[in-house]
Structure formats: structure tokens, C-alpha cells
Amino acid sequence: MFIDTHCHLEDENFSADRAEVLKRAKAAGVERIINFGSTLQSSIAVTELTTIPELYAGVGIHPEEIDEFDATTCDKLAALAAAEKVVAIGEIGLDYHWEKDSARRLLQQKIFIEQLDLARQLKLPVCVHDRDAHADTLKILQSEARDLRGVLHCYSGSLETAREVFKLGWLIGVDGPLTFKNSAKLPEVVKFAPQDMILIETDAPYLAPVPHRGKRNEPAYVVEVAKKLAEIRNETLEEVAEYTAANAARLYGIF
Ligand code: NI
């Protein structure tokens with residue numbers, strides 16, 4: 001069985017055919033899917049979707065959505081997280097790709113740290129978004145998250161950074177870009193990564209893997225990521241399925 005550990009099935013791209021998408025996931029062996037909120041509204045939506053047996057949720061405010069974050073936000077996220085199938089805080093983190101203003105970047109850091117505190121209070125693991133902010137993300141994890149568990153989702157950093165992430169006991173999430181021709185450092189990173197430190201994910205509807213690149217992504221395609229991992233790491237697809245599902249079950253407490 002496969003677990004798609006990071007997805008956005010609440011997205012309007014799936015409104016017309018969500019049931020079909022879930023059927024295809026099941027047929028492909030994807031038996032659990034974790035959807036992550038980026039805003040309060042999408043956090044509510046992913047929580048509501050957990051009435052579907054195979055769906056779990058994470059709640060949080062994405063770094064590109066921090067304008068809506070206020071003094072009441074953490075309480076609202078905590079109320080959502082009280083639901084049994086809300087298994088994580090996320091996705092939270094830093095995104096410097098679009099944000100070039102240093103004051104705004106500091107605000108992202110502050111809100112990231114507040115939500116790490118929330119995860120600590122709620123004793124939940126964390127799903128972190130880090131785009132073009134590897135150094136600051138690592139620094140914050142090292143200073144603020146030593147006692148927390150989590151994953152750097154859609155990992156795009158260097159092998160050197162990955163080694164530091166593993167030292168903290170944190171995992172990396174691997175997505176469609178592993179299958180791209182320009183996957184840069186990622187193959188080297190996943191070749192080195194210990195088996196118990198890797199999760200597979202789609203980030204659907206974004207980042208569809210080859211041979212679906214450029215189209216809408218969906219959980220069934222997580223198998224393409226697993227196939228590529230097996231090829232690079234010289235493992236069988238069954239092995240990859242087994243240890244990545246075990247890692248996800250252990251991190252998020254889903255069995
Ligand atoms: Ni995402």
C-alpha cells in the first residue's frame with residue numbers, strides 16, 4: 001500500500017470529480033491520503049473531508065497566506081486539530097521565492113515559530129514548506145523544533161542540508177520533481193537518505209510527475225514517485241511502498 005502524505009484534495013480543481021480521483025487512488029494502491037490546509041478556510045475544508053475513510057488532514061497557515069494570520073488564528077487551528085483525523089500542523093514554513101522584502105520574511109519566520117509552538121502544545125507533528133529559504137528554515141528547526149517531529153515537504157534543498165535535517169530526526173518528503181529531467185540535487189539526496197527518513201507525496205493538484213507532467217496531479221500518481229525512488233535507490237517498488245508507508249504511519253500516527 002502507498003500513502004500520499006501531502007495533497008490538496010479540497011482544491012477546487014477536484015470539485016467536479018473528487019470521487020473518481022479517490023477511486024483511481026484506491027485502484028493504484030494508495031490507501032491513505034493526507035490533505036493539508038494553507039489558509040483557515042482550506043484548513044476547515046480538509047478537516048471536513050476526513051469523513052471520507054481514507055482521508056486525513058493537517059491544518060495551518062502557509063507562508064504566502066500570512067496576511068490572514070491574527071491573534072485568534074492559533075486558537076481556531078487548535079479547535080480544528082481536536083478532530084481525531086487531523087494528524088498534523090501544516091503546511092507552515094517559509095517561502096522566499098516570491099517574497100523578497102526582508103520585513104515580510106521576518107514576519108513569515110515569526111508566524112512559522114508561533115505555529116511550531118502550537119504543534120508543541122498539541123503534541124502534533126509538523127509539515128514544513130520551505131521554498132528558497134533553506135538556511136533560515138534549518139536555523140529555525142534547529143533552534144525552535146528540536147523537541148518536535150516533522151517533515152520538510154517537497155524537499156528541494158542540498159544533501160548537506162538534508163544531513164542536518166536527518167540529525168534532528170526530521171524526514172524529507174519527495175514529490176514529482178524527482179521524475180523531472182532537471183531534478184537537480186534531488187536524486188543525490190534520495191540516494192543518500194536513510195530508508196526511515198523518506199516520505200512520498202504528490203502535492204496534488206500541483207507538480208504532476210512524469211509521464212503526467214504539466215497536467216493536474218492526483219494521489220494515484222504517487223506511485224510514479226515511488227517507482228523513481230526504487231530505480232535510483234536500487235530497491236523494489238514493494239520495498240519502497242512498505243518503508244514509506246511505515247514512515248508515514250509512524251510520523252502521523254495513522255495505521
Ligand atoms: Ni502543498
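These are my notebook entries on one predicted chain.

I am working from a predicted model, where local features need pLDDT of at least 70, side-chain atom pairs count only at pLDDT 80 or more, and totals for chains, interfaces and linings use all residues. Residues are numbered from 1 along each chain as its sequence is written, and side-chain values use heavy atoms, with hydrogens and water left out.

**Overall fold.** I looked up the secondary structure and found 9 helices and 8 strands. These are DSSP runs numbered from the N terminus: helices are H or I with at least four residues, strands are E with at least two. The radius of gyration is 17 Å, close to the 18 Å of the globule rule for 255 residues, so the chain is as compact as a globular protein of that length. That radius is taken over C-alpha atoms, and the rule is 2.2 Å times the number of residues to the power 0.38. The C-alpha trace spans about 45 × 40 × 30 Å along its principal axes. I noted that 58% of the 255 residues count as buried. The cut-offs are under 20% relative accessible area for buried, over 50% for exposed, and partly exposed in between (1.4 Å probe, protein chains only).

**Salt bridges.** The structure holds 15 salt bridges. Each is a side-chain nitrogen of Lys or Arg within 4 Å of a carboxyl oxygen of Asp or Glu. I checked Arg24 with Glu218, which meet at 2.8 Å, N to O. This pair links distant parts of the chain: Arg24 is in helix H1, Glu218 in the loop between strand E8 (198–200) and helix H8 (222–233), 194 residues apart. Arg24 is partly exposed at 37%, whereas Glu218 is buried at 3%.

I then went to helix H4 (residues 102–122). Lys110 and Glu114 form a salt bridge at 3.2 Å, N to O. They are 4 residues apart in the helix, so about one helical turn separates them. Arg120 is partly exposed at 29%, and Asp117 is partly exposed at 31%. Elsewhere, salt bridges with shared partners join Asp17, Arg24, Arg216 and Glu218 into one network.

**His8.** I found His8 in the loop between strand E1 (2–7) and helix H1 (18–27). His8 is buried, with a relative accessible area of 4%.

**Backbone checks.** The peptide bond from Gly90 to Glu91 is cis, with omega near 5°. Glu91 lies in strand E4 (residues 86–95). A cis bond also runs from Ala204 to Pro205, with omega near 15°. Pro205 sits in the loop between E8 and H8.

Asp203 is in that loop too. Asp203 is not a glycine, yet its phi is positive, about 60°. Asp203 is buried at 9%. Asn234 also has a positive phi, near 60°. Asn234 lies in the loop between H8 and helix H9 (237–252) and is exposed at 72%.

**Where is Glu68?** I placed Glu68 in the loop between strand E3 (55–59) and helix H3 (73–81). Glu68 counts as partly exposed at 35% relative accessibility.
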